[in-house]
Amino acid sequence: SAQDKSIKKVHQAGVTGWYAELYPIWAFDAPKAWLGAKLLENPGADADVLLKQWFNSAYGSAEKSMRSVFGIIESEWIKVSQAQGPNQWLYGLFEESSCEILSDNAINEIQRNLDAAERELTKPRKTSQRDKNYLWRFNQFKDAWNLFTKFREVVQLRKAKPTTPE
């Protein structure tokens, strides 16, 4: 949403180019890069329509669950970054503590949506190459997500004090 607003605002001011240092983890960052490119092609485009197109092309019948996953992540990031003050979209970049931006409730909700997406994508049916591609992209996200959650556990365990029950 910040990218959508930013591109539209600067386009109104006459800016015609955009530079981004993504340092992407493509499983997480692909829709952001794609949306940016599409909005640069047409700054007046509706970001929600474009994202629906991307998620449908990427995840097929699991589109709604995966959009929910990304929506939860964005919502949590917005809460934390805005609490740091204006212009803090890079808050926590390259910091281990950034893995704690997502609350336990958000982690659980994301996992419920991932489970629903996986059930949808692995339903018994005759599968096409496109269906295999949806599952491949989902598994790419799932692998990155599992690495993230394990890393988050490690960071939290390092903070544990011997005097606490944890």
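This is a predicted model: local features need pLDDT of at least 70, side-chain atom pairs count only at pLDDT 80 or more; totals for chains, interfaces and linings use all residues.
Welcome! Residues are numbered from 1 along each chain as its sequence is written, and side-chain values use heavy atoms, with hydrogens and water left out.

**The chain as a whole**
- The chain holds six helices and zero strands; these are DSSP runs numbered from the N terminus, with helices being H or I of at least four residues and strands E of at least two.
- The C-alpha trace spans about 60 × 50 × 20 Å along its principal axes.
- Of the 166 residues in the chain, 31% are buried, meaning under 20% relative accessible area, where exposed is over 50% and partly exposed lies in between (1.4 Å probe, protein chains only).

**Confidence**
- The average pLDDT of the chain is 88, and 92% of the residues score at least 70; pLDDT is the predictor's confidence in each residue, from 0 to 100.

**How α2 and α3 meet**
- The axes of α2 (residues 26–41) and α3 (residues 47–59) come within 10 Å and cross at roughly 135°; axes are lines fitted to C-alpha atoms, for helices over the stretch in contact, and angles run from 0 to 180 degrees between N-to-C directions.
- On the α2 side, A27, A30, P31, W34, L35, K38 and L39 take part, meeting A47, L50, L51, Q53, W54, F55 and Y59 of α3; contact means heavy atoms within 4.5 Å.
- By class, this contact has 12 nonpolar, one polar and one charged residues; Ala, Val, Leu, Ile, Met, Phe, Trp, Tyr, Cys and Pro count as nonpolar, Asp, Glu, Lys and Arg as charged, and the others, Gly among them, as polar.

**S65 and N113**
- S65 is found in helix α4 (residues 63–83) and counts as buried because its relative accessibility is 17%.
- Not counting residues up to four places away in sequence, S65 touches N113, A116 and A117.
- N113, in helix α5, has a relative accessible area of 12% and so is buried.
- Leaving aside neighbours within four places in sequence, N113 is in contact with S65, S68, V69 and I72.
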